[in-house]
Amino acid sequence: MARTMAEKVWEEHVVRRADGEPDLLYIDLHLVHEVTSPQAFEGLRLAGRPVRRPDLTVATEDHNVPTENILGPIADQVSRTQIETLRKNASEFGVRLFPMGDIDQGIVHVVGPQLGLTQPGMTVVCGDSHTSTHGAFGALAFGIGTSQVEHVLATQTLPMAPFKTMAVTVEGELKPGVTAKDIILAVIAEIGTGGGQGYVIEYRGEAIRRLSMEARMTVCNMSIEAGARAGMIAPDETTFDYIKGRPHAPEGVEWDAAVAHWQGLRSDDGAVFDKEVVLDADALSPFVTWGTNPGQGAPLDASVPDPAGFDDPSQRAAAEKALAYMDLRPGTPLREVPVDTVFLGSCTNGRIEDLRAAAEVIRGRRVADGVRMLVVPGSMRVKEQANAEGLGEVFTAAGAEWREAGCSMCLGMNPDQLKPGQRSASTSNRNFEGRQGKGGRTHLVSPLVAAATAVRGTLSSPADL
Ligand SMILES: CC(C)[C@H](C(=O)O)[C@@H](O)C(=O)O
Ligand code: SF4
């Protein structure tokens, strides 16, 4: 019977199946960060258990990183304790850790792919919802909770509830200035923040095949914002080229065998998905959010919507509440919305290609008066590469702050935060109330829109400059 890619990867990892019970899956890669691991390690310690496969477990420091002074002492006590606890746990249990100051440190979802740890056909888990990022390689990658982190640490397996499959097919070609971020924001606006619930989404179609690995990661990263369990893209030459030569990539005959296997992972012709959504890439334009969830978005050309225009009463109420929090009036052209902060970074858009795209827009220009722009590389390797290409200079010459690697202003767990009432254009993935700091207001945008907005001071695309 024809199978989807997700079904194939799942089947290859079942180590125990019994009637009425969830399948027990083998886990190929377990990524760990400081926020969701302390109780898991503590559980092991109490039970006197070791980490079953330290060689398949990799930890990094990201959420609590002070990106302005990465080597300085962490002022916040909770942050400091989380980092210190991770260091203690990693050393006690023999887990590889990339601490602040290490060239391989960075956001967990940037570090895995960049080291070649993330590979097609793998099962990848992390105590972090944006683990869906790794699905860009054709891996089945799930975010898990802390008790599941403990289970994987102890056994390298996880009981998993069955999933449904959804195909999101994006045909056609993106217009210049339209990016992967615009695709995924449009998808979420279309299916809603709960539209993916229970599903593993496979993104496919010509527009997806044309995307670079970085761009594919942006799309898969935000699958969780549609409520999906995971997102996947079939591995192809783009995938293999990206992985080849990375520190953990297979080599020689092993490489050939791996590629042969990876090529067989794509969904079979005739595979049936439980749900299908089709989007036309040619019809997409730069997309921004106006509300307080990632589904409340609209093309930049549009105006702030009137809640009265929503037929569904719950959507209408949500829009009213969102506009009150965001301090926006219906009918205001989105292009006229002023921001005081621009954040370029996060596991959605903090990769080298994102920085290159934004730097092209910023080069030779200035960040507008009264606007603060933070540029935060997703990893120290990304920073190193960006500096080698002169991008760091482009950002600082324009008046932006060029930081060290971490989650930064994606969420308020470190010093990079909005103040109450401040408004940002942010390349991250969540615009929830207070996400970037208490009382802060967030507009989710692509790196191109972020850069143009920094220059003009109102939500803008490069075409407006
Ligand atoms: C802190 C962590 C558990 C959380 C997540 O799971 O996604 C964070 O990374 C986020 O983006 O909100
Ligand atoms: S960058 Fe943001 S979304 Fe990604 S792991 Fe960090 S906090 Fe979560």
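Visitor: Why does Cys407 count as buried?

Guide: A residue is called buried when 20 or more other C-beta atoms, placed from the backbone, lie within 10 Å of its own; 12 or fewer make it exposed, and anything in between partly exposed. Cys407 has 31 C-beta neighbours inside 10 Å, so it counts as buried. Before we go on, please note that this is a predicted model, where local features need pLDDT of at least 70, side-chain atom pairs count only at pLDDT 80 or more, and totals for chains, interfaces and linings use all residues. Residues are numbered from 1 along each chain as its sequence is written, while chains are lettered from A and ligands numbered from 1 in the order in which they are written.

Visitor: What makes Cys347 buried?

Guide: The same definition applies: 20 or more are required, and Cys347 has 27 C-beta neighbours inside 10 Å, so it is buried.

Visitor: Where do Cys347 and Cys407 lie?

Guide: Cys347 is in helix H12 (residues 346-349), and Cys407 is in the loop between strand S17 (401-402) and strand S18 (423-426). Helices (H or I, at least four residues) and strands (E, at least two) are DSSP runs, numbered from the N terminus.

Visitor: Which residues does Cys407 touch, leaving out those up to four places away in sequence?

Guide: They are Asp62, His63, Val65, Ile107, Ser346, Met413 and Asn414. Contact means that the two C-beta atoms, placed from the backbone, lie within 7 Å. Ile107 is also among the residues that Cys347 touches.

Visitor: Which residues carry the UniProt feature "binding site"?

Guide: The unreviewed UniProt entry places it at Cys347, Cys407 and Cys410; such annotations may be inferred rather than shown by experiment. These positions spread over 64 residues of sequence, yet they cluster in space, with a largest C-alpha distance of 8.8 Å.

Visitor: How many residues surround ligand 2, and which are the closest?

Guide: There are 13, and the closest are Ser346, Cys347, Cys407, Cys410 and Leu411. To be near the ligand, a residue needs its C-beta atom, placed from the backbone, within 6 Å of it.

Visitor: Which domains supply at least three residues each to that shell?

Guide: Domain 1 (5-160) and domain 3 (287-464) do. Their bounds come from an automatic or database domain assignment. In contact with each other are 20 residues of domain 1 and 21 residues of domain 3. Helix H4 (residues 108-114) gives the most to the domain 1 side, with four residues.
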